[in-house]
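Try each task before you read its solution.

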Amino acid sequence: MMDRITVVEGDITEQKVDAIVNAANTSLLGGGGVDGAIHRAAGPALLEECRTLNGCATGEAKMTSGYRLPARWVIHTVGPVWHGGKNQEDELLARCYRNSLALAVQSGVRTIAFPSISTGAFSFPQERATRIAVREVRRFLESNSSIEQVIFVCFGKQAYQTYLDMLGEPTT
Ligand code: ADP
């Protein structure tokens, strides 16, 4: 179980996996942060495909090709904007992980990389988001054997350390 989850510090666009997850916004028409990096690396054809998807609701996920990325697929999910924690932010963030993984399984994805959804422009507190990410991925992997590897890709030392700490904590 634990060996199916790894954490690295780096750039998600460079990951050699079947699918990378994008922390997008509801328009799916491009933004900053990890979304900007993914669009730059994939090339303009990614935006062309995204235009055909009619956006994506918060907590949901949609898939496109990866174009110039090493990853074959991009799974675009929309995390919640943090508004203090009483607006279903936790549940919506959990659904991003669950729905992204379900979509990945449907497409035969075996290796997948996640960024730290919602913790940039959307201001979700890092520790709280990481706890949810780790919990949801662990739960999903317990009942699914087709996904071989989930990589949490952290942008910066602090996020990396938070993931390491959280993965070291026993599940309850
Ligand atoms: P959101 O709007 O969901 O908060 P952001 O892109 O602003 O999305 O931030 C999400 C996380 O992605 C942040 O932790 C940010 O540091 C991280 N991030 C930004 N660029 C990259 C990248 N190239 N690879 C991996 N993570 C990244």
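**Exercise 1: salt bridges**

A search of the whole structure finds nine salt bridges (a side-chain nitrogen of Lys or Arg within 4 Å of a carboxyl oxygen of Asp or Glu). This is a predicted model, where local features need pLDDT of at least 70, side-chain atom pairs count only at pLDDT 80 or more, and totals for chains, interfaces and linings use all residues. Residues are numbered from 1 along each chain as its sequence is written, and side-chain values use heavy atoms, without hydrogens and water.

Task: Which parts does the pair Glu136 and Arg98 tie together?

Solution: 
1. Start with the pair: the side chains of Glu136 and Arg98 form a salt bridge, 2.9 Å from N to O.
2. Now place both residues. Glu136 lies in helix α4 (residues 126–142) and Arg98 in helix α3 (residues 89–106), so the pair ties together parts 38 residues apart in sequence. Helices here are DSSP runs (H or I, at least four residues), numbered from the N terminus.

**Exercise 2: the ligand**

Solution: 
1. List the surroundings. 14 residues surround the ligand, each with a heavy atom within 4 Å of it. Among the closest are Thr119, Gly120 and Ala121.
2. Check the polar contacts (pairs of N or O atoms within 3.5 Å). A polar side-chain atom of Thr119 lies 2.9 Å from a ligand oxygen.

Notes. Polar contact = N/O pair within 3.5 Å; in protein donor to acceptor, adjacent residues only side chain to side chain. Helix = DSSP H or I, 4+ residues; strand = E, 2+ residues; numbered from the N terminus.
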